[in-house]
Amino acid sequence: MVRIHDALDTATSASDSASDPAQRDEAIDEAAFDQHLDEIPQELNEPADAGPSERAVSVDVDRRDAVNQQPDLKLVVISNRVAPFDPNKPQTGGLAAALEPVVQRSGAVWIGSSENRGDGSEHPLPLVKTGAGEVARLELPAKDYPGYYRGFSNSTLWPALHSLPDQMSGSEEDYQSYRNINDFIARAAFDVRDRDAFWVHDYHLLPLGAALHDLGIERPTGFFLHTPWPAPDMIERVPNHRELMKSMLEYDLLGFQTNRDLNNFVAGLRAVFGLESKDDVVTTERGQTRLQKFPIGIDPKQFAEYLAADLAPAEHEKVSSLLRNFEGAKFAIGVDRLDYTKGIDKRVEGFNQLLRNEPHSISLLQIAPSSRADVEEYQKYKDVVENAINRVNNKHGTDEWRPIHYTNDSFSQAALARLYRAAKIGVVTPLRDGMNLVAKEYVAAQDPQDPGVLVLSKFAGAAEDFNENEALLVDPNHPEEIAAAISKAANMPLEERVARWRSMMDKIESFTIHDWSADNIRELDKSRLIIPADECLRFGLGWTNEAQMPLYRRHAEALAAYNDIDPADTALKEAAFEDEKRAYEALQAPLIHTQDRLWDLPADTAPIGGRPEQDPGAAEY
Ligand code: F6P
């Protein structure tokens, strides 16, 4: 298997030998490239009216069936957590809820972690049919799992990504476990190496694209980050951040929730590597990585259906008994994993201040399912939240009235939809959040004739979608702002509530979860075949990349210039030859790289026993 770095060496030595005039003919015989270029249809040679992206799509769509016999993109989706695929079980987190319909409808294979641990031995992918797709839950090795999940993912990366350095901890062993688990998942994915593209999710799997490449898997790879990406000074606190960010550049496409995250990543590349991006494309020796914002959404129609559907009797009783606490009175709702990034303690303090100023005015239903309970910081945070709630209830409550009702129970989406609908205020005040779909779900569940009001942290990704004329935006670190916003929401006239709600709802409807996944997949598809395979066969090429098109053009121009010069003009001809040679080297290197993509890899190309030696300069503990 030829990797890009080897390919660059090969290209260099090939062109060194070609600089011998005796071998020049052979090199110039690559005029076949020129002929090849002439044969590429006009829309590929000329920018025409369409931008590069539009052009790529139209060529791909037109030619997919005719030339390459490519069916729709056969995806491999990889994430740590996979959805339960059981409507009676609650979903944990936005990622699972977002990907479940994608897999069930598109026929993707979804690889993730099982609840059981294994001994590290490798087995064929345990694929189980679900809808049109399949899911494989891997028993991740028990030896490395704690360092991977509790350690590097959730004690080092998670707080750093949320710009909370005081919560960071970890060790070099955790990082090694994190790498080991990524390598393990990549080896499992080797079984589906001949599918069209890999779509990897979230901070647990930053180096997975590189691990796939290390195994010789060269299909297009995309990554989507569900969390924020922080400013450079924060990411620089993550041990091995250079190695991690370098490995992220092995993906063809990197997706972020917001412009802020994307801009922070670009600034990080500049700060850490001195690397500049152009039009959100980063070029490295590996190739090109496109950076793009894809703000995740929800399915508002499905939310409407949830409101109409019957709940299972037990859940119906749970919801009814919760709502009996508020009969006749206005209440606010907060729904968050019990996570210190969610700012629940500050929210409770906001209620404390509100009730001091306006006694007995409004109560809060706080739903906080337990999360990552084996991570120490989460255990401490549970105590912080519960002590704060007890203090407020003792101070402001009476025998008949409790200000804050709190539960660690999880609820199905259908049950949550009913609770959101009943609450006059949705309080979503994370200190930082990738998007926070609760904000969108709260809006989607409202009664259009009498909607509630959203109080939203300005540091949630959703605040890039909803402006201050829509939600009441607050700084989640300032309880007095939260208190003022809740008071304002509780007293807001109907007309203003309807206007704010309508505007948010229009946005939710105009970019749903289905648009989000379609956009991601369409962009990923652009990393696929652009040059028709039948025109490449004489070069032994097939899969190539949109990003390589300028290299074809550059070489064609250099070759044309060489051909135009009179052989009698030796010096000029020599200079033109040198230029053509450089253009050819640039063209040849990624072509050698991408020809791996054309053919199915024989099974025995999977290396046994982990990664090659690490770059010693990259370790930073
Ligand atoms: O990006 C954050 C995320 O992956 C969410 O999609 C989800 O809300 C949460 O974390 C799930 O965390 P865990 O799998 O550790 O419970």
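Ser163, which follows helix H7, has a positive phi, near 55°. This is a predicted model, so please read that angle as a computed one.

Now the helix itself. H7 covers residues 145-161, 17 residues in total. A straight helix at 1.5 Å a residue would reach 24 Å, but the end C-alpha atoms of H7 are only 20 Å apart. Where does H7 bend? At Ser153, by about 35°.

Next, the aromatic residues. One aromatic cluster is made up of Tyr145, Tyr148, Tyr149, Phe152, Tyr175 and Tyr178. On helices in general, there are 3.6 residues a turn in an α-helix, so positions three or four apart point the same way.

Over the whole structure, the search gives 18 aromatic pairs. One of them is Tyr420 with Tyr442, an edge-to-face pair with 6.2 Å centre to centre and 90° between the planes. Tyr420 belongs to helix H17, residues 413-422, and Tyr442 to helix H18, residues 437-444. The two are 22 residues apart, and the pair links distant parts of the chain. Are these two tyrosines buried or exposed? Tyr420 is buried, and Tyr442 is buried as well.

Last, charges over rings. Arg432 lies over the face of Phe459, 4.9 Å from the ring centre. Lys573 lies over the face of Tyr562, and there the distance to the ring centre is 4.0 Å.

Terms used:
Residues numbered from 1 in each chain as written. Predicted model: local features only at pLDDT ≥ 70, side-chain atom pairs only at ≥ 80, totals over all residues. Heavy atoms only, no water. Helix = DSSP H or I, 4+ residues; strand = E, 2+ residues; numbered from the N terminus. Expected span 1.5 Å × (residues − 1). Bend = angle between axes of the 7 residues up to and from the residue. Phe/Tyr/Trp six-rings, centres within 6.5 Å; stacked < 30°, edge-to-face > 60°. Buried < 20%, exposed > 50% of the residue type's maximum accessible area, 1.4 Å probe, protein only. Lys NZ or Arg CZ within 6 Å of the ring centre and 35° of its normal.
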